[in-house]
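This briefing is meant to be read beside the sequence and the structure.

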Amino acid sequence: MFYRCKSCGGNVVYDPEKKKMICESCRNEGEHQLVKQEKVHVCNNCGAKIDAGADALALKCPYCGTYVIFEDRMEREYEPKLILPFSLNKEKAVETLRDNFKGKLFLPKDFCSVSSVEAMEGIYVPFFMYDMHSHVHFEGEGDKIRVWKEGDYEVTETRVYHITRDFEVDYDKIPVDASSAMPDNLMDIMEPYRYEDLGDFTPEYLSGFVANRYDEDRDSLLPRARHKTEKFDEAYLSETNQLYHAVRKINKTVDCREKESFYAFLPVWKYVYRYREKEYEFYVNGQTGKAVGTPPVSWSRAALLTFSTGISVFFCLAMLLYFLEVL
């Protein structure tokens with residue numbers, strides 16, 4: 001399916017800045033028409049057969065540029081529950097990338113140039129979001145140390161306390177990305193999102209962006225959700241033991257259980273920069289603007305800077321020697 005402008009017949013897409021559906025052609029913000037999917041994986045606008053991957057859910061038709069959504073891939077277990085809409089448009093995402101990496105001395109000149117960001121994509125990444133319940137029981141010993149002077153002597157007093165901590169925590173919607181194509185470590189670094197903007201899924205949000213359905217199921221991703229929960233538990237436990245100079249664990253049990261899970265989409269801008277036949281991937285949180293990625297080093301710029309620095313140092317030393325000789 002796709003969304004057609006009732007005014008000019010153009011493709012209507014979701015605009016993150018205005019937070020509404022807008023026609024790409026005439027910029028009309030009025031009503032739009034939903035054109036249903038007549039044939040599987042055929043663009044209903046131009047009639048071309050679209051060669052889509054097995055998990056492609058929304059994409060841009062390579063022939064007419066219409067953003068097409070495959071509604072047959074959103075049925076039964078693949079029906080999304082929640083979505084967090086894009087807040088940053090492409091221009092803002094590019095600006096964020098430039099701001100994040102402009103301080104890098106040896107960055108190639110054409111990084112984020114107009115031509116290189118042409119293929120920058122807005123992607124709705126599939127996530128499972130888990131409501132978790134955690135019960136932590138901890139027993140240990142804690143040392144409180146006091147040091148003072150008595151004449152010529154330094155006295156150290158160590159008091160040992162028995163510590164018992166028992167607490168329960170409920171966690172709402174811990175996110176774990178469910179696409180094998182997305183690097184897990186970078187998706188984790190891009191957190192947190194502002195989850196108060198999370199709402200019920202509606203396909204209008206997909207128009208104008210790319211989306212894939214999940215290819216990693218909720219059961220296989222549950223250990224990652226548990227790991228995140230246990231890190232939060234450990235941080236809270238450490239905070240409660242800050243009064244002690246040293247803590248020794250005697251016994252610790254953690255019971256972490258899933259209460260409920262939700263299939264959701266979170267917004268990410270992806271930029272692939274090609275430099276010397278190698279690809280460098282960068283990701284921008286489509287809501288908060290947090291950017292992650294490792295840029296390449298331009299060795300020609302590094303050599304030029306090193307040479308320029310060497311010349312400057314040589315000139316300064318030569319001038320210093322000249323003045324010393326004069327004196």
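This is a predicted model: local features need pLDDT of at least 70, side-chain atom pairs count only at pLDDT 80 or more; totals for chains, interfaces and linings use all residues.

Residues are numbered from 1 along each chain as its sequence is written, and side-chain values use heavy atoms, with hydrogens and water left out. The structure holds 20 salt bridges, and its largest nonpolar core has 50 residues.

**Helix H1**

- Helix H1 covers residues 90–101, 12 residues that reach 17 Å from the first C-alpha to the last, close to the 16 Å expected; the expected span is 1.5 Å times one less than the number of residues, and helices (H or I, at least four residues) and strands (E, at least two) are DSSP runs numbered from the N terminus.
- Its buried residues are Ala93, Val94, Thr96, Leu97 and Phe101, where buried means under 20% relative accessible area, exposed means over 50%, and partly exposed lies in between (1.4 Å probe, protein chains only).
- Seen down the axis of H1, these buried residues fall within an arc of 155°, so they line one face of the helix; the arc is that of the directions from the helix axis to the C-beta atoms.
- The cover over the buried residues of H1 includes strand S12 (246–275), strand S13 (278–285) and strand S14 (291–292).
- At the start of H1, a side-chain oxygen of Asn89 comes to within 3.3 Å of the backbone nitrogen of Glu91.

**Nonpolar cores**

- In the largest nonpolar core, the residues with the most contacts inside it are Leu97, Leu206 and Tyr271, a core being a set of buried Ala, Val, Leu, Ile, Met, Phe, Trp, Tyr and Cys residues joined through side-chain atoms within 4.5 Å.
- Strand S12 gives the most to this core, with seven residues.
- Apart from this core lies another, of 19 residues, among them Leu82, Leu186, Leu198 and Tyr283.
- Leaving out residues up to four places away in sequence, Leu97 touches Cys112, Met120, Tyr271, Phe282, Val284 and Ala291, contact meaning heavy atoms within 4.5 Å.
- In soluble globular proteins, nonpolar side chains tend to be buried together.

**Salt bridges**

- A salt bridge is counted when a side-chain nitrogen of Lys or Arg is within 4 Å of a carboxyl oxygen of Asp or Glu.
- Lys252 pairs in this way with Glu234, with the closest N and O atoms 2.3 Å apart; Lys252 lies in strand S12 and Glu234 in helix H3, so the pair ties together parts that are 18 residues apart in sequence.
- Lys252 is partly exposed at 31% relative accessibility, and Glu234 is partly exposed at 34%.
- Glu29 and Lys20 meet through their side chains in a salt bridge of 3.2 Å, N to O, with Glu29 partly exposed at 35% relative accessible area and Lys20 partly exposed at 37%.
- Arg274 and Glu279 form a salt bridge of 3.0 Å, N to O, in which Arg274 is exposed at 56% relative accessible area whereas Glu279 is partly exposed at 46%.
- A network of salt bridges links Asp177, Asp184, Asp188, Glu191, Arg224 and Lys228.

**Buried polar side chains**

- Asp177, in strand S9 (residues 153–177), counts as buried at 0% relative accessibility.
- The side chains of Asp177 and Arg224 are joined by a polar contact of 3.1 Å, that is, a pair of N or O atoms within 3.5 Å, of which, within protein, one must be able to donate a hydrogen and the other to accept it, residues adjacent in sequence counting only if both atoms are side-chain atoms.
- Gln287, in the loop between S13 and S14, is buried with a relative accessible area of 3%, and a polar atom of the Gln287 side chain lies 2.6 Å from the backbone nitrogen of Arg194.
- Tyr214, in the loop between strand S11 (210–212) and helix H3 (218–240), counts as buried at 8% relative accessibility, and its side chain reaches the backbone oxygen of Glu77 at 3.3 Å.
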